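Please read it alongside the sequence and structure shown here.

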Amino acid sequence: WSLSGGGFVRRYFPFGDRFGLWLESGADLSRTLTQYDWINAISPDEPDDIIEMNEDRSIDWNISISTNAGIYVFVLQQLSIETRLSSFLISYSDRQRRTEFSGDDHTNESDGKATSVAFNLVNSFNFDQIFTLNYYF
């Protein structure tokens, strides 16, 4: 299962009636739990015997904070076109993983933890979403 949420705040700085700049700050948080259980039950002598029971479980936390800047132009009174010009992103990820193998009267367990921090500064168009149309009611 996975659970995530976030939000953002945007401020507009108009330069006249039709053109302006916007700044946006946002934050996101997500948690993901992944668990795999499997059984290997193939035995040449006893096909019904369970040979191995395995479990792999991981918990991921992701936090990101971003600041974006862009421009907008009103083409009609209630319709604007905007684009993002730059982005600043800081993200933090944490993963805890536990793997357990058991079978043939032995058990192997391993625990692992990984943490990463990323910092990105992009000063170009956002190519997956170059222009956005906004209609204001």
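## Aromatic residues and their ring pairs

In this predicted model, Tyr72 and Phe74 are both buried, where buried means under 20% relative accessible area, exposed over 50% and partly exposed in between (1.4 Å probe, protein chains only). Phe74 and Tyr136 form a tilted aromatic pair, with 5.4 Å from centre to centre and 40° between the planes; rings of Phe, Tyr and Trp (its six-membered ring) pair if their centres lie within 6.5 Å, and planes under 30 degrees apart count as stacked, over 60 as edge-to-face and the rest as tilted. Because Phe74 lies in strand 3 and Tyr136 in the segment after strand 6 (132–135), this pair ties together parts that are 62 residues apart in sequence. Strands here are DSSP runs (E, at least two residues), numbered from the N terminus.

Phe74 has a relative accessibility of 18%, whereas Tyr136 is partly exposed at 29%. By the ring-pair rule the count comes to five aromatic pairs. The rings of Tyr72 and Phe74 are edge-to-face, because their planes stand at 90°, with the centres 5.8 Å apart. Ring pairs link Tyr12, Tyr72, Phe74 and Tyr136 into a cluster.

## Arg18 and its surroundings

Arg18 is found in the loop between strand 1 (2–15) and strand 2 (19–40), and it is partly exposed, with a relative accessible area of 47%. Leaving aside residues up to four places away in sequence, Arg18 touches Tyr72, Val73, Phe74, Val75 and Leu76, a contact being heavy atoms within 4.5 Å. A polar atom of the Arg18 side chain lies 2.6 Å from the backbone oxygen of Phe74. The C-alpha atoms of Arg18 and Ser80 are separated by 8.5 Å, although these residues are 62 apart along the chain.

## Ser64 in strand 3

Ser64 has its place in strand 3 (residues 52–74) and is buried, at a relative accessible area of 16%. With residues up to four places away in sequence not counted, Ser64 touches Gly26, Ala27, Asp28, Leu89, Ile90 and Ser91.

## Confidence and conventions

The mean pLDDT (the predictor's confidence in each residue, from 0 to 100) of the protein chain is 81, and 72% of its residues reach 70 or more. Confidence is lowest in strand 5 (residues 106–122), at a mean of 64, and highest in strand 1, at 95.

Residues are numbered from 1 along each chain as its sequence is written, and side-chain values use heavy atoms, with hydrogens and water left out. Local features need pLDDT of at least 70 and side-chain atom pairs count only at pLDDT 80 or more, while totals for chains, interfaces and linings use all residues.

Key
Helices (H or I, at least four residues) and strands (E, at least two) are DSSP runs, numbered from the N terminus. A polar contact is a pair of N or O atoms within 3.5 Å; within protein, one must be able to donate a hydrogen and the other to accept it, and residues adjacent in sequence count only if both atoms are side-chain atoms.
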